[in-house]
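Dear colleague,

I am passing on the structure we spoke of, and my notes on the contents follow below it. Please read the notes alongside the coordinates.

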Amino acid sequence: MKNQAYRMAMLFDFYGDLLTERQREFYDLYYNEDLSLAEIAENYGISRQGVRDVIVRAEAAMTEVEDKTHIIQRFHRTRSAIEAIDQAADQLLQAVDQGVCDDSLLERLVHSIKKNAAALLQEQ
């Protein structure tokens with residue numbers, strides 16, 4: 001369930017602006033405000049099924065855009081590469097601070113930084 005909630009949050013963060021105002025509103029109430037379909041339906045004077053249809057269409061629209069663009073996938077790959085570069089830089093600084101910066105460690109960390117930087121450049 002957590003993975004589904006995370007996926008829905010990511011879709012909304014990246015593609016929520018592409019939805020109609022009503023889709024955005026219902027989606028936000030259902031996923032972010034944790035209102036039930038019945039509560040939303042009661043507040044808007046429509047059927048529970050009507051609310052569900054709007055939310056399902058919103059999910060389908062955002063999923064379709066992600067399937068075509070893969071922006072969220074690229075975001076995750078970019079984030080992983082940046083985290084790897086940051087970790088290598090931290091290890092390098094720690095080795096320098098401790099005075100244990102031998103050539104093999106330097107070479108390994110530099111290769112890690114270069115590999116991850118190349119992956120970022122490929123995403124461009």
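Because Glu 83 and Arg 79 are four residues apart in helix α5, about one helical turn separates them; helices here are DSSP runs of H or I with at least four residues, numbered from the N terminus. The two side chains form a salt bridge whose closest N and O atoms are 3.4 Å apart, the term meaning a side-chain nitrogen of Lys or Arg within 4 Å of a carboxyl oxygen of Asp or Glu. Glu 83 is partly exposed, at 40% relative accessible area, and Arg 79 is likewise partly exposed, at 47%, where buried means under 20%, exposed over 50% and partly exposed in between (1.4 Å probe, protein chains only).

Before going further, please note that this is a predicted model, in which local features need pLDDT of at least 70 and side-chain atom pairs count only at pLDDT 80 or more, while totals for chains, interfaces and linings use all residues. Residues are numbered from 1 along each chain as its sequence is written, and side-chain values use heavy atoms, with hydrogens and water left out.

The structure holds three salt bridges. In another of them, Arg 24 meets Glu 21 at 2.8 Å, N to O, with both residues in helix α2 and three residues apart; Arg 24 is partly exposed, at 22% relative accessibility. Glu 64 and Lys 68 also pair, at 3.0 Å, N to O, and lie four residues apart in helix α4 (residues 48-69). An α-helix has 3.6 residues a turn, so residues three or four places apart point the same way.

The buried residues of α5 are Ile 72, Ala 81, Ala 88 and Ala 95, and the helix is followed by Gly 99, whose phi is positive, near 70°.

**Further along the chain**

Gln 122 lies in helix α6 (residues 103-123) and counts as exposed, at 70% relative accessibility. The C-alpha atoms of Gln 122 and Gln 94, which are 28 residues apart along the chain, are separated by 29 Å.

Key: Helices (H or I, at least four residues) and strands (E, at least two) are DSSP runs, numbered from the N terminus.
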